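Open the model in your viewer and keep the selection panel at hand. The stops below each give a selection and then what is there.

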Amino acid sequence: MTQPTQPGPRPQPGQPGSPSGAPPPARAATAQPAEAEKLRELLRTPGYLKTLLFCGLISIPVSLAAFWFLAGLQELERLVWADLPRALGHDSPPWWWPLPLLLLSGVCVGQIVTRFPGAGGHVPASGLHPGGPGAAALPGVVLAAVFSLPLGATLGPEAPLIALGGGLAIAFRHLTGTPETPMSTALLGAAGAAAAISAIFGNPLIAAVLLMEVAGVGGPQLFAVMLPALLSSGIGSLVFTGFGRWTGLETGSLTLKSGVDFPRLDAGDVLWAIVISVALSAAVALIQYGGRVTSVRVARRPLIVTALCGLGAGVCAAAYALGTGRSPADVASSGQATLAELAGDPQAWGVGALIAVLLCKGAAFSLCLGSLRGGPIFPSLFLGAAAGVLLAPLPGLGIGAGLAAGLAAATTTALRLPVSSVLLVVLVLGSTAMMPVAILSAVVAFVTSGLLPAGPAVPPVGRMPRPAPSAPTAP
């Protein structure tokens, strides 16, 4: 017969085993100094300082290479979509113009995927990737971008630039004999990629934040902490804005008058932003789902399906031009140039043209995501802006809040990077007045897209995993 055990002393709050689960006071008091001491030790490490210096130096040739690469892409695009049509007697590209160009794009990219190391870079449907490929894969990355973007792929240049910058930084590390460690490889890849893409955004801060989010150093825990803080900051800003407007009192803020006046936020802006974010997030998630399905089919038959996807994207652009009388370049492009026209003169776009560009560019975007090579940032920005302009006449909304909500929701869903998406919206709008709406839309879109099915996994580039052999049946 066992003796009953005597109950021991109950753990006090703050001790291990206590219901609160909080660390002991002594441990909590020493946690922060311990982390600060680790940082000081890291900064004193010769290897880290050498890597930091090398990152600063390597950004010079990487930025030069990225500049000439991006400038070359833009010159080729101008040649194909402006100079050649004029040489043939057309003021603008005719409706059939994207059909042969995108068919050629699909044929050439299909050849690169099957014949070049690295298969021309990662599939855009899998999102942005940190770091860079090996030096042997860089020619395929450059050629795939050249045969995708100037010929009318509905993709942006950021993914090839990230691959180019990260790959060059790692390749230069091998040339100099710098010790190869996991930390140095990650730092060099991120630094090279940030140096390469800072040119397309015109803001080094966005490039740095984007690469930090893409690298995902904190993993899911980072987003678990970041989303509540991001949402709370947006709501807090709305509350401060509202009380300042209602009471006439001021609390002070670190802002400068830019000379551009945006309308004050009101309840209608906030409510419509939530509705727009949910709907637009579902629409962009559907586009991504189609891109993932397309990538599976491309992996099985890369030559034929890539060519058909390119031709399909050209059909979308041609159908848009025939139906609206506008240029097919509105659909067959990244959307960077057209975005400026849309935001600068939204009244120039009728309701029919906005609906047509959303449908046709969305379909072309989905096809290109799974087949050609490029990035998702600029097409998603354009789709968000077009949706915001289309819905701006809703009662109590307005063009400023509509653009902010559409841009933030579409970009967050496409990238799964809420902080970078909010910064991109501020950059595009050129004002922080709509930042609370952008934050709220980004958080709502992030949660909504996370609850929707992601679709099939994107296969490895250049090959399709073989199915496992079935077990032999017994006689």
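Start by selecting Phe201: leaving out residues up to four places away in sequence, Phe201 touches Ile206, Leu210, Ile377, Phe378, Leu424 and Leu427, a contact being heavy atoms within 4.5 Å. Phe201 and Ile197 have the most contacts inside the largest nonpolar core, a set of 94 residues. A nonpolar core here is a set of buried Ala, Val, Leu, Ile, Met, Phe, Trp, Tyr and Cys residues joined through side-chain atoms within 4.5 Å. Buried means under 20% relative accessible area, exposed means over 50%, and partly exposed lies in between (1.4 Å probe, protein chains only). H2 supplies the largest share of this core, 10 residues. Another core lies apart from it and has seven residues, including Leu280, Ala387, Ala410 and Ala445.

Before going on, note the conventions. This is a predicted model, in which local features need pLDDT of at least 70 and side-chain atom pairs count only at pLDDT 80 or more, while totals for chains, interfaces and linings use all residues. Residues are numbered from 1 along each chain as its sequence is written, and side-chain values use heavy atoms, with hydrogens and water left out.

Next, colour the chain by pLDDT, the predictor's confidence in each residue, from 0 to 100. The mean for the protein chain is 80, and 75% of its residues reach 70 or more. Select residues 11–22, where pLDDT stays under 50 and the model has 13 contacts beyond four places in sequence. Over residues 26–31 the pLDDT is also below 50, and this stretch has one contact beyond near neighbours in sequence.

Now show the whole chain as a cartoon. It has 16 helices and zero strands; these are DSSP runs numbered from the N terminus, with helices being H or I of at least four residues and strands E of at least two. Of the 475 residues, 45% count as buried. Among contacts with a separation of 6 or more, 77% are between residues 24 or more positions apart. Switch to a surface: the accessible area of the chain is about 23,600 Å², and carbon and sulfur atoms hold 68% of it. Accessible areas come from the Shrake-Rupley method with a 1.4 Å probe, and for residues only the protein chains shown count as cover.

Keep the surface on and select Ile60, Leu64, Phe67 and Trp68. Together they make a nonpolar surface patch of about 490 Å². Patches are made of residues with over 30% relative accessible area and no salt bridge; like charges are joined within 9 Å, and nonpolar side chains (Val, Leu, Ile, Met, Phe, Trp, Tyr) within 5 Å. Trp68 is part of helix H2 (residues 46–87) and counts as exposed because its relative accessibility is 62%.

Side chains of opposite charge can pair when their charged atoms come close. Glu75 and Arg78 are three residues apart in helix H2, about one turn. Both are partly exposed: Glu75 has a relative accessible area of 49% and Arg78 one of 43%.

Move on to Asp83 and Arg86, another salt bridge, with the closest N and O atoms 3.1 Å apart. These two also lie in helix H2, three residues apart, or about one turn of the helix. Asp83 is partly exposed at 34%, whereas Arg86 is exposed at 51%.

Then select Asp330 and Arg326, whose side chains meet in a salt bridge at 3.1 Å, N to O. Is Asp330 buried or exposed? Asp330 counts as buried because its relative accessibility is 6%, while Arg326 is partly exposed at 25%.

Go to Val305 in helix H10 (residues 302–324). Val305 is buried, with a relative accessible area of 18%. Aside from neighbours within four places in sequence, Val305 is in contact with Arg297 and Val298.

The last stop is Ser449, in helix H16 (residues 435–451). Ser449 is buried, with a relative accessible area of 12%.

Notes. Salt bridge = Lys/Arg side-chain N within 4 Å of Asp/Glu carboxyl O.
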